[in-house]
Amino acid sequence: MAGKSQVRQHRKKWIDISISLKSGMVHWPGDPAIRIKRVLNMDKGDDCNVSVLSIGSHTGTHMDAPLHFLRKGKGLDQMPIDAMIGPARVIEIKDKESIKAEELKTYKIHKGERILFKTSNSRYWESNAFRKDFVYIAQDGARYLAEKQVCAVGIDYLSVGGFYKDSKETHQALLKAGIWVIEGLNLFKVKAGRYDLVCLPVKIFNSDGAPARAVLYS
Ligand SMILES: [Zn+2]
């Protein structure tokens, strides 16, 4: 019996690292507010429930296409499916300001890796107020990741770049290098380590970004 419970303890499980979309939720300043409204409602006598969604393409857990910061970049509908399905590593960042090359060098990052950064940001999701002081990828960190030729990078707030600085520089360095970017992850309950990742953005023609469902398997 001891053997059986041991098997149970090691049983693999799926972890949802996505944010639920809902009206009034936090969004990037200047991006459209999120409104999700039931327009057919069974409680009001309609035959079924149907909602209308009004959201920006960079709402909640989402991916950035190269087209987001590169005029002739690819739309997210052209992303190869296998780019976002496969092994991934969650790295817990110590720096409370930004993710810098200096810290990244200590993690032995390899070509083709999918790296998700868990920072102190994940606790901000409890609030609907936008936090300007979130931890972002500094431009030297972004250039380091580009040099390493990682496959994908994820972060646990609404942008890989900073609010006050390194927004354009960081996005361009990653997207120009062909790195797929996930933003708006919730890694609060996730420990640093190795997982399998599945993250698929909604397929919108020639989109600069799209909401995504991201899950880890451990
Ligand atoms: Zn972005």
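Helices (H or I, at least four residues) and strands (E, at least two) are DSSP runs, numbered from the N terminus. The model is predicted: local features need pLDDT of at least 70, side-chain atom pairs count only at pLDDT 80 or more, and totals for chains, interfaces and linings use all residues. Residues are numbered from 1 along each chain as its sequence is written, and side-chain values use heavy atoms, with hydrogens and water left out.

**View A. Asparagine 206 in the loop between β11 and β12.** Asparagine 206 is not a glycine, yet its phi is positive, near 50 degrees. Its relative accessible area is 40%. That makes asparagine 206 partly exposed (buried is under 20% relative accessible area, exposed over 50%, partly exposed in between; 1.4 Å probe, protein chains only).

**View B. Glutamine 149 in the loop between α3 and β9.** Here the loop joins α3 (139-147) to β9 (152-155). Glutamine 149, also not a glycine, has a positive phi of about 55 degrees. Glutamine 149 counts as partly exposed because its relative accessibility is 45%.

**View C. Packing of α3 with α4.** Helix α4 covers residues 168-176. The two axes lie 8 Å apart, at an angle of about 0 degrees (lines fitted to C-alpha atoms over the stretch in contact; angles run from 0 to 180 degrees between N-to-C directions). So α3 is roughly parallel to α4 (angles under 35 degrees). From α3, Gln139, Ala142, Arg143, Leu145 and Ala146 make the contact (heavy atoms within 4.5 Å). From α4 come Glu169, Thr170, Ala173 and Leu174.

Technical notes: Parallel < 35°, antiparallel > 145°, perpendicular 65-115°, else oblique.
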